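Thanks for coming. I will go through one structure today, taking the sheet, then the interface, then the salt bridges. Please have the sequence and the model open.

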Amino acid sequence: MRVATMPPRYRPRRLKLRDGREVMLRGIVEADAAAIVQAFERLSAESRYYRFMEHKKQLDPAALERGVHPRPGRDFVFVATTPAPGGSDIVGAAQFVRADDRHTKTCEFAITVAEDWRGRGLATKLLASLVRRARRNGYRKMEGLVLAENVPMLALARKLRFAVQPVPEDASVVRVERALL
Amino acid sequence: MNKIWLKNYPAGTPAEIDPDQFRSVPDFFEHVVRKFAAKPAFHNLGRTISYAELERLSRYFAGFLQALPGMAKGERVAIMAPNLLQYPVALFGILRASMTVVNVNPLYTPRELEHQLRDSGAKAIVIVENFASVLQQVLRNTPVQHVITTQVGDLLPTPKRWIVNLVIKKVKKIVPAWRIDGAIGFRAALARGAAASFKPVTVTHDDLAFLQYTGGTTGVAKGAMLTHRNILANVEQTGTWISGPFREATEIVIAPLPMYHIFCLTSTLAFVKWGSLIVLITNPRDLPAFVKELGKWKWSTMTGVNTLFNSLMNTPGFDRLDFSAVKVVVGGGAAVQKPVAERWQKVTGHCILEAYGLTEASPGVCANPPETPWNGAIGLPFSSTEVSIRDDAFNELPVWTDEGDLEKHTGELCARGPQVMKGYWNNPEETAKVLQDGWLKTGDIGHLDAEGYVTITDRKKDIILVSGFNVYPNEIESVVMTHQGVLECGAVGVPDQKSGEAVKVVIVRKDPNLTKEAVIEYCKPLLTGYKRPRYVEFRDALPKTPIGKILRRELRDGSATAPAPAPATPAPAPQA
């Protein structure tokens, strides 16, 4: 039966960061849409550029809709939250989606951490969780595009044993990839 | 690593130079003006000033600056002017007053000027009246307290001064109306400085000579901190390379590139060291006038960029000029194209000496030996300069020996030497991206061969090179995105016959009635000429990966579109 092959739900857990602060790590839910929009609005222009590789005035509604409804077994979105007045703030997000419907064993990832939550190991934890989750979902390879100047992201990818590959005809971006065996 | 390039150095070029011969640029300057006092130094618009006059005028200007309230050592002073005699006077005056020069492109729009003045914290600006209206629009948003305005003819003798200033204002009408309360005229400033008497200040090696702005990947320009030692080192490095045939106080140098640009700036200082006469070309875009000026001189040296060499050769009369005194012609900025180099050699009988540099290296890093025909390489590293090709993990890659897989020898060109900047002004994050263990990561991709030649094949930083000017797609996109009718956009460089590369912008419209012309028109007051999109393409969506990252290389090709009305050709300048 199809349902039986679905990976188990992710149980929310608390993560302790290097500076002693804690965040909650969990899968995204539909109700997170507003918090995602707010998190996007708090990001600097540079962070947005690193994530989307273009200037974005606002999140595209269709993409947001897809983002809060990951296709079970194919896509996954982690959010790291912290209590805030009236609910919680999203301070980090990491996701993977199926890279190509013909190559169903490869997923593409992206990761974003709020500026004032960087340098505390959160991105490392997010990416490590993403790798484990993708492997459990049956993916064999994880890949991502990174701007060549995005030094912190490249360092993180290397730390988690991603290989850095040139992108033909465009030296301004690199592909990071890792087998998930 | 072994300096394998030394074996191919031009005769007489040392492996190492001494960057500490002089304490500072003013120390160097004072030495030169004493030595060559009676010799001609700069020529512009029919007037020549001697080294002694340059010393006197720059001393007055330094004295004037020192007497201004709040102007202490280390304050930044901007200069916004084309090549005029006022430029070297103001430049050396600022440096002698132990202040830092901030060179500003005079064609900047108010938006661009405001950023640079705010970022640098300039308290004073020297500006040619023609651009004063631009300053006026943003002045209150900047830290500038003292405005010194100059008219084009201000350093010409009477009555020529009156005539030139009158013609520019009333006949050519190229001075838009302006009003800045408290602005001081350049001539009045010199008079005040003469009365105030200049007090020499000790300037040290590590003090900042220039905050030299260069485009930034996040869309705004960053100020490269160039110290006195950086500049003196590069003056020596580039000077020893090309000066083999030079004789003191006899060379005539043609300077058509703007002095606000690092290439012209450092090379001018290198020529000053030889007591040369430097002929400042105010408007190299007026090609017939430029060719006429060339005809007046037995010139021996010129610096230029590909676009300029090409335009000169296409100007009637150029091929009939007398090239018998020519010793060195240096091409920098963007790559000099093979057909241009070959044609130049045919017409003038001399090779273009192709050099490579960037603002962050004051700027010279590599150059071909003099009289080397075009070979596709950027040349050998200068004296006291190390280069290294690094992979993404900063490991050094082996030199290319014409065997095996070139890809395995191809990486980012890194350079180390006394000319490498201290960092970006107030910007440790951007500094950390480009400086590592004393190495400057240039962002250019290439290889080093066994003969010591460096060849550039690609760029790591996303830069569009328009006639030698760096254009960052990010800045163009951030401007285009502010248009209400634009939903999404991406800017890329596309090949262009005239300017090497041109800016193309791909737009997803929010307003279906938005036209290409409207986009270009919108950019005019926000982006200086060379940055403006030349091609505009509309698409229904931008090409993206499944997770939503733009596939920039897929923006380059696409439906061939007719070029939009061409913006004014930018004044040629080298890469920085």
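Before the sheet, one term: two strands count as paired if DSSP finds at least two bridges between them. Helices (H or I, at least four residues) and strands (E, at least two) are DSSP runs, numbered from the N terminus. In general, the strands of a sheet pair through backbone hydrogen bonds, in a parallel or an antiparallel sense.

Now the conventions. This is a predicted model, in which local features need pLDDT of at least 70 and side-chain atom pairs count only at pLDDT 80 or more, while totals for chains, interfaces and linings use all residues. Residues are numbered from 1 along each chain as its sequence is written, chains are lettered from A and ligands numbered from 1 in the order in which they are written, and side-chain values use heavy atoms, with hydrogens and water left out.

Start with chain B. Strand β1(B), residues 40-44, pairs with β2(B) in the antiparallel sense over four bridges. B:P40 has B:S50 in β2(B) as its bridge partner. Both strands belong to an open, mixed sheet of nine strands in chain B, in the order β2-β1-β11-β10-β12-β13-β14-β15-β16. At the edges are β2 (47-50) and β16 (380-381) of chain B, each pairing on one side only.

Next, the interface. Counting contact as heavy atoms within 4.5 Å, 31 residues of chain A touch 33 residues of chain B. The buried area, meaning the accessible area (1.4 Å probe) that two parts lose on being put together, summed over both, is about 2800 Å² here, and carbon and sulfur atoms give 49% of it. On the chain A side, A:E54, A:H55 and A:K57 lose the most area to chain B, together 21% of what that side buries.

There are 15 residue pairs in polar contact between chain A and chain B, both residues at pLDDT 80 or more. A polar contact is a pair of N or O atoms within 3.5 Å; within protein, one must be able to donate a hydrogen and the other to accept it, and residues adjacent in sequence count only if both atoms are side-chain atoms. In chain A, the elements giving two or more residues to the side that touches chain B are α2 (45-52), β4 (87-100), β5 (103-113) and α5 (151-159).

What surrounds A:E54? Beyond its neighbours within four places in sequence, A:E54 contacts A:R48 and A:Y49, and in chain B it contacts B:E477, B:E488, B:C489, B:L542, B:K544 and B:I550. A:E54 lies in the loop between α2 and α3 (61-67) of chain A. With a relative accessibility of 1%, A:E54 is buried, where buried means under 20% relative accessible area, exposed over 50%, and partly exposed in between (1.4 Å probe, protein chains only). Its side chain also makes a polar contact with that of A:K56, at 3.3 Å.

A:K56 in turn forms a salt bridge with B:E488 (3.7 Å, N to O). The rule for a salt bridge is a side-chain nitrogen of Lys or Arg within 4 Å of a carboxyl oxygen of Asp or Glu. A:E46, B:K222, B:E430 and B:K433 are linked in a salt-bridge network.

Last, two pairs within chain B. B:R539 and B:E537 meet at 2.7 Å, N to O; B:R539 is buried at 18%, and B:E537 is buried at 4%. B:K338 and B:E342 form a salt bridge at 3.8 Å; they are four residues apart in helix α12 (residues 338-348) of chain B, so about one helical turn separates them.
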